[in-house]
Amino acid sequence: MSDPKTFFLDEEEIPFEEGQTIIQAALTAGKYIPHLCYHPEFKPHGSCKLCTVRIDSRTVTTEDGQSVKIPGRAAASCTTPAQAGQHVESEVPEILDLRRTLVQMLLVEGNHYCPSCEKSGKCLLQGLAYDLGVMDPHFPQYFSKREVDASHPDILLDLNRCILCELCVRASAEVDKKNVFAISGRGNTKHLICNSESGELGDTNLAATDKAANVCPVGVILHKRHGFEVPYGQRRFDKAPISDNPVQYAPVKEQV
Amino acid sequence: MNAPLPKRKLKVATTSLAGCFGCHMSFLDIDERILDLVELVEFDRSPITDIKHCSPDCDLGIIEGGVCNAENVHVLHEFRKNCKILIAMGACAINGGLPAQRNSLDIRDILAAVYAQPGRGVHIPNDPEIPLLLNEVHPLHEVVKIDYFLPGCPPSGDAIWKFLTDLLAGRTPTLGHGLIHYD
Ligand code: SF4
Ligand code: SF4
Ligand code: FES
């Protein structure tokens, strides 16, 4: 084995293997970096931007002896390769503010009425918002008006909560090999569609046991006849904040 | 409690707009701590007092519910005008809440379905005494400036207590793990 390579995450030395991204190395070392669209079993996607970090900020001394911080570049840690000696800032006020804003944008973009959402308490978007201390929406609501698709016997789609992470798209194409889902449209009309002639989920060959039916981090792809099964107080993020667990997806087995 | 005692009691007004009174019930869930609270504050216009309008010198306005009709808009403006600090309490005040689920439907269709169906009545109530509904439900901050937001549906009594004691002590209110909830 050659010399182990390391970089610094908030001043802490993190080992990595050649080819690993910053988030992969951090999560392997047990260090949490917020993420929604990154999933250890899939290629990085880079859409949610929650994993943004700052790389190689420098402090310089000006002629009159003042210390000035020159911020390094902001980058998505899920798509940026780790490099030896790199200095990465994650849990710093400026990056936390940015993440708060991103979560607020996602929350107003959809109809996130958590009080009636079956995913409440184990939703990654909600868990992240709690952890970042998001108290207000800041932006005006978008009030999306997409139809709920209840055509499938076992699975229900509430497309008003979709964060366009494409995990279901990737899972269906790469794992289930069924290509049930796709993303269509541009700009703020971009939305999730089902690849059937009618456009309805019921006319696809999605099965409740498919990876694609169990990977959604928020309350879009839901299992019919399963909801509100875990008592308030015992749900995932009632018990521990999202940052307690470096990898968000792997340990959670969704009910089928 | 280590909140510095104010020179005079702070005046607190509260109201429910398109709310369910659940946030007020949760407020009462602070239980006997309300006795500590009334050492520090006096209640102005509120569903728990008989005062009809806000005094012009209210310190705190606490509002549950979003904005769903014309009267809500008037009351919200009265609060903004008379209260130094305005707090949006609960999911409805913050993002419209579950009542905002009506925003995907046409308001005329909703009213017709409820009031003008065979067996349910003959027409949509049209007396000018009745405030007109807005086309959509809105969170408070889309109508007036809101200073603080207290999430939850409803926020727990403990969350409300933490929030108010932070505020009364001059701290920016924060709810840590277990107290911050959107549901
Ligand atoms: S998907 Fe998550 S954030 Fe959205 S309503 Fe459901 S629990 Fe809340
Ligand atoms: S449905 Fe769920 S998994 Fe699919 S893109 Fe939307 S949020 Fe992601
Ligand atoms: S986790 Fe990196 S952009 Fe979503």
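These questions and answers cover chain B of a predicted model.

Me: In what order do the helices and strands of chain B run from the N terminus on?
Reply: Chain B holds six helices and seven strands.

Me: What radius of gyration does chain B have, and why does it agree with a compact globule?
Reply: The C-alpha atoms fill a box of roughly 60 × 35 × 30 Å along the principal axes. Chain B has 183 residues, so a compact globule would have a radius of gyration near 16 Å. The value for chain B agrees with that: 18 Å.

Me: What share of the residues of chain B count as buried?
Reply: Buried means under 20% relative accessible area. Chain B exposes about 9300 Å², and carbon and sulfur atoms supply 57% of that area. Of its 183 residues, the buried share is 48%.

Me: Among contacts in chain B between residues at least 6 apart in sequence, what share join residues at least 24 apart?
Reply: One such pair of residues is B:Val73 and B:Val143, 70 residues apart in sequence. These two are in contact. Across chain B, the share is 77%.

Me: How far apart do the centres of the positive and negative side chains of chain B lie?
Reply: Lys and Arg count as positive, Asp and Glu as negative. Chain B has 16 positive and 23 negative side chains. The centres of the two sets lie apart by 6 Å.

Me: How many residues of strand E3 of chain B are buried?
Reply: E3(B) spans residues 58-64 and is mostly covered. Five bridges join E1(B), residues 10-16, to E3(B), and the two run parallel. Six bridges join E3(B) to E5(B), residues 83-89, again parallel. Of the seven residues in E3(B), the buried number is seven.

Me: Which residue of E5(B) does B:Glu64 stand opposite?
Reply: E3(B) pairs with E1(B) and with E5(B). Towards E5(B), the residue opposite B:Glu64 is B:Met89.

Me: Does B:Val73 count as buried, partly exposed or exposed?
Reply: B:Val73 lies in helix H3(B), residues 70-82. Buried means under 20% relative accessible area, and exposed means over 50%. B:Val73 has 22%, so it counts as partly exposed.

Me: What is the C-alpha to C-alpha distance between B:Val73 and B:Val143?
Reply: Beyond four places in sequence, B:Val73 is in contact with B:Val67, B:Leu134 and B:Val143. B:Val143 is 70 residues from B:Val73 in sequence. In space, C-alpha to C-alpha, the distance is 7.7 Å.

Technical notes. Residues are numbered from 1 along each chain as its sequence is written. Chains are lettered from A and ligands numbered from 1 in the order in which they are written. This is a predicted model: local features need pLDDT of at least 70, side-chain atom pairs count only at pLDDT 80 or more; totals for chains, interfaces and linings use all residues. Side-chain values use heavy atoms; hydrogens and water are left out. Helices (H or I, at least four residues) and strands (E, at least two) are DSSP runs, numbered from the N terminus. The radius of gyration is taken over C-alpha atoms; the globule rule is 2.2 Å times the number of residues to the power 0.38. Buried means under 20% relative accessible area, exposed over 50%, partly exposed in between (1.4 Å probe, protein chains only). Contact means heavy atoms within 4.5 Å. Accessible areas come from the Shrake-Rupley method with a 1.4 Å probe; for residues, only the protein chains shown count as cover. The place of a charge is taken as NZ of Lys, CZ of Arg, CG of Asp or CD of Glu. Two strands pair if DSSP finds at least two bridges between them.
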